[in-house]
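This briefing covers strand pairing, a helix crossing and a chain contact. Please look at the structure before reading on.

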Amino acid sequence: MPLARGPAIGYGGSARLHPAELLPWAFAIAVYFLAPSYLPLGAYVLIIILFALSLDLILGYGGIVTLGHAAYFGFGAYVAGVFAVRVHGDPLLGLAVAAAASAAFGAATGAVVLRTRALALLMLTLALVSIVFEVANKWTEVTGGADGLNSVPVGQLLGAFRFDLFGKTAFLYCLAVLAAGWWLVRSLVHSPFGASLVGARENEARMHAIGAPVYARQLCAYTLAAALAGVAGALLTQTTQFVGLSVVSFELSGEILVMLVLGGVGRIYGAFVGPLVFIVARDYLAKQSPEYWVLGIGVLLILIVMFARGGILGLADGIAARWRRSRP
Amino acid sequence: MSDALLQTSGLCKSFGALTVADNIEFRLEPGARHALIGPNGAGKTTFVNMLTGQLPPSAGRIEFAGEDVTRLGQAARVKRGLGRTFQINTLFGALSVLDNVALGVAERRGVGGRAWRAAGSHREVRDESLELLASLGLADDAASRTVDLPYGKQRLVEIALALGLRPKVLLLDEPAAGVPSTESQRVLDVLGRLPAGVAILIIEHDMELVFRFAQRITVLVRGQILCEGAPREIAADARVREVYLGDAHG
């Protein structure tokens, strides 16, 4: 897959926080105060960013191309929903259960799919999301089938903050969880573990030849990515109090891939930019043309693939590099 | 004869009806400078791939430092001290030269899987990698993207990456292959300065290099060992001349 890569991360670099890395958080806080009517949409964007970040860990850094990542997002969403309905409505407890269950599901399925490569890997991950979709569809007594689970009970956050109608609590909750997920992924990709993932992405045969346990490392990353995707799914269930089949569809797997490519693969922040641009563009285009908005998204993606292989961030990098070179 | 560091007995490899290694009995002594030569298709790279665990043998046994490693995986053999370079550059092209070497050094030091500290803060890995690059004359290229280097330098990065594993045995698969004559002298110089304690098995087509470097030569033809001996003996062997030069010159 000829996707442009971000700068190499490894032993010669520094993991110190760059001021530009604070921009997404400053932007999110600005949205909270300046655009309160957009908080429900904002919370959704934050959830999808976490989902895209989990995909970036395995695709952008691990080089594992998957069409089935929505299986873990949906699995986490349903686990959180069923747990809230049948066991307990505490959101943090539900989040932890969804993370643990998605990690276990990711480890079990990853152990099989990561033994394959290329087309076989794509087909297996595609089959995985289809199987999870059908289980959710047919197991109606637990999942609600095609109707999904409505009015999922969600308790107060930390026993003090109620999920309000305007989405303030939901937004801050999603922002805090995203920040934790971002810190985890950022630490990982800057670590020797992350460097070895990039090594396997660049040249798996050589990683074997230097004695690296490639399969075990990829499985660890895959499990963690599944857990993060599950957490993102659980957040969606808790903030909307609903879980339906759309969270575990092949379309969602494709969409999240498109969003990541749009933002820039293997850059961490491509997972922030891509979903934001995609969802805002979809929102805007759907208002302008409810019938043909997908056409606009398609044109946007074609332009990115043709003229900016590194996504929007890759394009920005290129422009910045040209500007630096042109300075006397 | 001292105890062999690396030894094969009855090593065979077949792909269906095609036999590419046939009952190979081979010994590599500690600190050896040993060359494996033979015409194209003789099975040299297949033999190396079996030694490293990249390819399972159809039959036979491989012993490394007295231990049977025939069924061990590639990573386990590397951990025991069996390093290699590849005939065609097999590097991390998009990564810096420093990162290429550091990935190997980190694995050897057992920090390659650590996730709780930034890679750049493992100074011991970075310093050792930079020292190794300096010893091969690559210090100025440490920050360069590997794929941007001239081919000759990339061959040196191949060697640096293998040396970062501090192998007891280093298998060099055509280290000078594809290197332009203007850069080949540098590869030769580096080969001449490889640590004396490391046993080296070199596969090479360049006979001038082989005869300058090796103290012992094994000739492989159609998957079988034709003969083995000191360079002078091999040069004088009529069967070797026949293999390389054909009947008209035999």
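In chain B, β9(B) and strand β10 (residues 224-229) pair in the antiparallel sense over 5 bridges; strands pair if DSSP finds at least two bridges between them. The model is predicted: local features need pLDDT of at least 70 and side-chain atom pairs count only at pLDDT 80 or more, while totals for chains, interfaces and linings use all residues. Residues are numbered from 1 along each chain as its sequence is written, with chains lettered from A and ligands numbered from 1 in the order in which they are written.

**Strands of chain B**
- B:Leu220 has B:Ile225 in β10(B) as its bridge partner.
- The hairpin of β9(B) and β10(B) has 2 residues between the strands, and B:Arg222 there takes a positive phi near 45°.
- Strand β3 (residues 33-37) of chain B runs parallel to β9(B) (residues 216-221), joined by 4 bridges.
- Opposite B:Ala35 stands B:Ile217 in β9(B).
- Strands (E, at least two residues) and helices (H or I, at least four) are DSSP runs, numbered from the N terminus.

**Helix crossing in chain A**
- The axes (lines fitted to C-alpha atoms, for helices over the stretch in contact, with angles from 0 to 180 degrees between N-to-C directions) of α8 (residues 192-202) and α10 (residues 214-240) of chain A come within 10 Å and cross at roughly 115°.
- α8(A) is therefore roughly perpendicular to α10(A), a term for angles of 65 to 115 degrees.

**Contact between chains**
- 27 residues of chain A are in contact (C-beta atoms, placed from the backbone, within 7 Å) with 36 residues of chain B.
- α8(A) gives the most to the side of chain A that touches chain B, with 6 residues.

Methods. Angles under 35 degrees count as roughly parallel, over 145 as roughly antiparallel, 65 to 115 as roughly perpendicular and the rest as oblique. Two residues are in contact if their C-beta atoms, placed from the backbone, lie within 7 Å.
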